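This report walks through the model chain by chain. Keep the coordinates open while reading.

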Amino acid sequence: MFDFENIVLAASVEEAVAALSANEKAIVISGGTDVLIKIREGKLAGCDLVSIHDIPELHGVRLTEDGCIHIGPTTTFAELTNSPVIMERIPVLGRAADTVGGPQIRAMGTVGGNISNGVTSADTATTLLNLEAELTLTSPAGERRVNVNDYYLGAGRVCLDHAELLTDICVKPENYQGFGGCYIKYAMRNAMDIATLGTSCLVKPGKGGVIDTLRLAFGVAAPVPMRARNTEQALTGKSYAEALEEIAGLVRGEITPRTSWRASREFRLQIAGENARRALEAAWAEAGGEV
Amino acid sequence: MLQIIKLTVNGKPCEIAVDRRWSLAEALRQALGLTSVKKGCEVGECGACTVLVDGKAVDSCLYLALWAEGKSVVTVEGLKSGDNDLHPIQKAFIEECAVQCGFCTPGLIMSAVEIVGEGRVYSRDELRKLLSGHLCRCTGYENILNAVERAVREING
């Protein structure tokens, strides 16, 4: 038995945001793989819940005519990985989702929860940062749109007001067309583990084997998932060969990971540089760039 | 606080009274006596509580009983055939000596049911990944892999 007080099973977004506005201490629960564990640990003991587990409008992946890919926040990791739209257009996001936990967790945990609990190790977050995903936040007052790069406020905190709900994750065509991608999860085990360091790279090759656009993001390199914008900027317009040579040093000069029980700061810096290089290599190959 | 939920369990429609704070594992064990569903870690790491919900293998310890309203749940008790014979996956586990203490077995068998249900053959590496949400405290993984490989081969090969 879980130690929570009340639960509202919302059947629509309207019901969910109304239930949140009516109760200041209510917490949103979707897949449950994070919230129920926190309740079990006692961190959220005695809370009230608003369940968005079975709201059809928040679920599934849709491609619209304008080329935008809309990901419902309650889409599970497994559904994301197996979505034909994702497999064809943003396979890197599906592969990143496929590194979370184990099969059962991936059948339960949701992509919206992965970014909304504000955790730095979230496996889909770095790729969504690179994709410049646009989030729709819905409250009783209406909707607003926030770029996922502005979503994070600090460890465990995102810019959701209490009565607001993440209702859409939109990836625009200019942010995935022509890009190749790679996500590398570095962890102690191949499954059922949390990333020691996550590295996501998107690259779009330009004419003559130069880097047209580079997007690089890290998990567990800072309190929240982060973009390595200085590195991105420094390598834009460079040749692929130069970029491959310089990326590790640039990354190590830019990010400031901490020492934790999982790994030291020095170790994280080492693997961040190396994995950035490997991720660029794989992303470049996927994009069909000249070597 | 009790609430009545309607769901299908092992092919039979049923109505059960559940505490709103129960996990699905608790509902299956306490309201329906389906004790093949094991409570192990209760935080989604060991996979001993794995059941199928609408055909998908999930950790029933991290799934609220209330969410099962209207859904179809399958546990190991639902695998036996009309003449009370064991399911081919269960037989494969016996043939390959894949059961030691047996605590992880029901969960693994339910994941195997999902895997076999895909209707295709898998490589050893793919099976390792598909079974990675289970812990066997006897560490009998090799024979478990052999059993699932055998079941997949016999049914889909």
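What share of the 291 residues in chain A is buried? Buried residues make up 53% of chain A. A residue counts as buried if 20 or more other C-beta atoms, placed from the backbone, lie within 10 Å of its own; 12 or fewer makes it exposed, and partly exposed lies in between.

## Basis

This is a predicted model: local features need pLDDT of at least 70, side-chain atom pairs count only at pLDDT 80 or more, and totals for chains, interfaces and linings use all residues. Residues are numbered from 1 along each chain as its sequence is written, while chains are lettered from A and ligands numbered from 1 in the order in which they are written.

## Chain A overall

Chain A has eleven helices and 14 strands. Both are DSSP runs numbered from the N terminus: helices are H or I with at least four residues, strands are E with at least two. The radius of gyration of chain A is 19 Å, close to the 19 Å of the globule rule for 291 residues, so chain A is as compact as a globular protein of that length. That radius is taken over C-alpha atoms, and the rule is 2.2 Å times the number of residues to the power 0.38.

Along the principal axes, the C-alpha atoms of chain A fill a box of roughly 60 × 45 × 30 Å. Of the contacts in chain A between residues at least 6 apart in sequence, 64% join residues at least 24 apart. A contact means C-beta atoms, placed from the backbone, within 7 Å.

## Domains of chain A

Chain A divides into domain 1 (4–51), domain 2 (56–174) and domain 3 (179–287). These bounds come from an automatic or database domain assignment. The C-alpha centres of domains 2 and 3 of chain A lie 21 Å apart.

In chain A, 20 residues of domain 2 are in contact with 21 residues of domain 3. On the domain 2 side, α5 (91–97), α8 (125–130) and β8 (152–154) of chain A each give two or more residues. The largest share, five residues, comes from α8(A). By class, this side has seven nonpolar, eleven polar and two charged residues. Nonpolar covers Ala, Val, Leu, Ile, Met, Phe, Trp, Tyr, Cys and Pro; charged covers Asp, Glu, Lys and Arg; the others, Gly among them, are polar.

## A sheet and its helix

Four strands of chain A form an open antiparallel sheet in the order β11-β12-β13-β14. Its edge strands are β11 (180–186) and β14 (226–227) of chain A, each pairing on one side only. Pairing requires at least two DSSP bridges between two strands.

β11(A) and β12 (197–205) of chain A pair over seven antiparallel bridges. There, A:Y183 has A:S200 of β12(A) as its bridge partner. Helix α11 (265–287) of chain A lies across β11, β12 and β13 (211–219) of chain A, at about 35° to β12(A). Axes are lines fitted to C-alpha atoms, for helices over the stretch in contact; angles run from 0 to 180 degrees between N-to-C directions.

## Chain B and the interface

Chain B holds five helices and five strands. Its radius of gyration is 15 Å, which agrees with the value near 15 Å for a compact globule of 157 residues. Of those 157 residues, 46% count as buried. Strands β3 (50–53) and β4 (56–59) of chain B pair antiparallel over four bridges. In their hairpin, B:D54 takes a positive phi near 50°.

Between the chains, 20 residues of chain A are in contact with 26 residues of chain B. The chain A side has 13 nonpolar, five polar and two charged residues.

Terms used. Two residues are in contact if their C-beta atoms, placed from the backbone, lie within 7 Å.
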